[in-house]
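Biologist: Could you take me through how a few labels were assigned here? I'd like to see each value set beside its rule.

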Amino acid sequence: MIKKFTVKNYKGFKDEITLDFSDIKNYQFNTFAVKNKLINYAIVYGKNGSGKSNLGLALFDLIIHLTDKQKDDFQFINYLNGNGTEDYATFIYEFVIDNYEYVYHYQKTSADKLTYEELSINKTKIFSYNFKNHKSDFSGLKAIDAQFLRVSENINISVLRYIAYNANLSDKNPIQKLMRFINNMLWIRSATDGNKYMGFENGTGLLTEDIIKSNKVNELELFLRENGINYKLGVVKNHIGQDVLVALYNYRIYDFMQIASHGTRVLLLYFYWLQKFKKASFVFIDEFDAFFHTFLAEDMLRNLFKKINSQLIITTHNTDLMSNNILRPDCYFIISDGKIRSLPNCTERELREGHNLENLFRKGEFDGKYC
């Protein structure tokens, strides 16, 4: 799990901003939202341009240099903050995986150019490396049974990645555990123009093609019906012999993607990923309920809680979801003016189960000096 994340001088974040999942309060309701003393389900609110999407991009920056998984073009453009005086962005991740606590710290001048990298496990420094002056400290490699690995003093790729792929490490080694977690992180965007995702796997084929190949058409029909969309689905060959998902009517057959509404296309996207969420280590969904009716948004959110055991973060503007009937105050975050804080840290008021969080939000309770 991710315990804490800090980023600075990256895209819209000029100053240091920290998302802290370990800052849990003593609430005795909706305890399912906390796992291993860390927030497991979180919802992030913020005005347009406040940094919700950039937060997701920042969290997934490490997949660029540590994995071969799917990337997004937005990760590479306008990388450094326009007002920042430093010529590099700083990232600090704190992970808790099994009995290991990791602190992974690095700096970059661009998405694909590291200038500094450091890793500690259980407060023991494993390595540090400065890519500018090639100063290094690999004395901690023995703590991960990699003391015999030769690391070049002029290495030009991530040291962590080099160790993971070149040291003879067992599956139970803390480095392998960390890399598995990172390789299984998943970011998706609730979009209608295709399968927008980062991490986890590769390829951006048509969602309908994958569903047809996986023999999931009947399951998709049932899923849509459960969410208020009544289509009779089938598969036909088009003029070049390709399988196409279609909606069957009494007298007509239509290409499903040509008649599906924006909301239905988003449901299609969620159906596709619901089959894969069990393997994900960390899930970030940007614009979670775009094009959803408010009732459907709540139903889908509760469905995600059932399907996703790993940490889940969503961004939304839907304040109907800001409710103690769904989560608890320390699971709701507001990002504003380069800071992100949970609701209890945005007010002097002691938030309790009986409070209507949405009403408090709309009345400006969380807009003061504390947030």
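Biologist: Why is glutamate 298 called partly exposed?

Modeller: Its relative accessible area is 28%, and the class in between runs from the buried limit, under 20%, to the exposed limit, over 50% (1.4 Å probe, protein chains only). So glutamate 298 is partly exposed. This is a predicted model, where local features need pLDDT of at least 70, side-chain atom pairs count only at pLDDT 80 or more, and totals for chains, interfaces and linings use all residues. Residues are numbered from 1 along each chain as its sequence is written, and side-chain values use heavy atoms, leaving out hydrogens and water.

Biologist: What makes arginine 302 and glutamate 298 a salt bridge?

Modeller: The closest N and O atoms are 3.0 Å apart, and the rule asks for a side-chain nitrogen of Lys or Arg within 4 Å of a carboxyl oxygen of Asp or Glu. So the pair qualifies as a salt bridge. Both residues lie in helix H9 (residues 294-307), four residues apart, about one turn of the helix. Helices here are DSSP runs of H or I with at least four residues, strands are runs of E with at least two, and both are numbered from the N terminus.

Biologist: How do you know that aspartate 286 and arginine 189 link distant parts of the chain?

Modeller: Aspartate 286 sits in strand E16 (residues 282-286) and arginine 189 in strand E11 (residues 185-189), 97 residues apart. Their closest N and O atoms are 3.2 Å apart, forming a salt bridge.

Biologist: Is that aspartate 286 buried or exposed?

Modeller: Aspartate 286 has a relative accessible area of 1%, so it is buried. Arginine 189, at 19%, is buried too.
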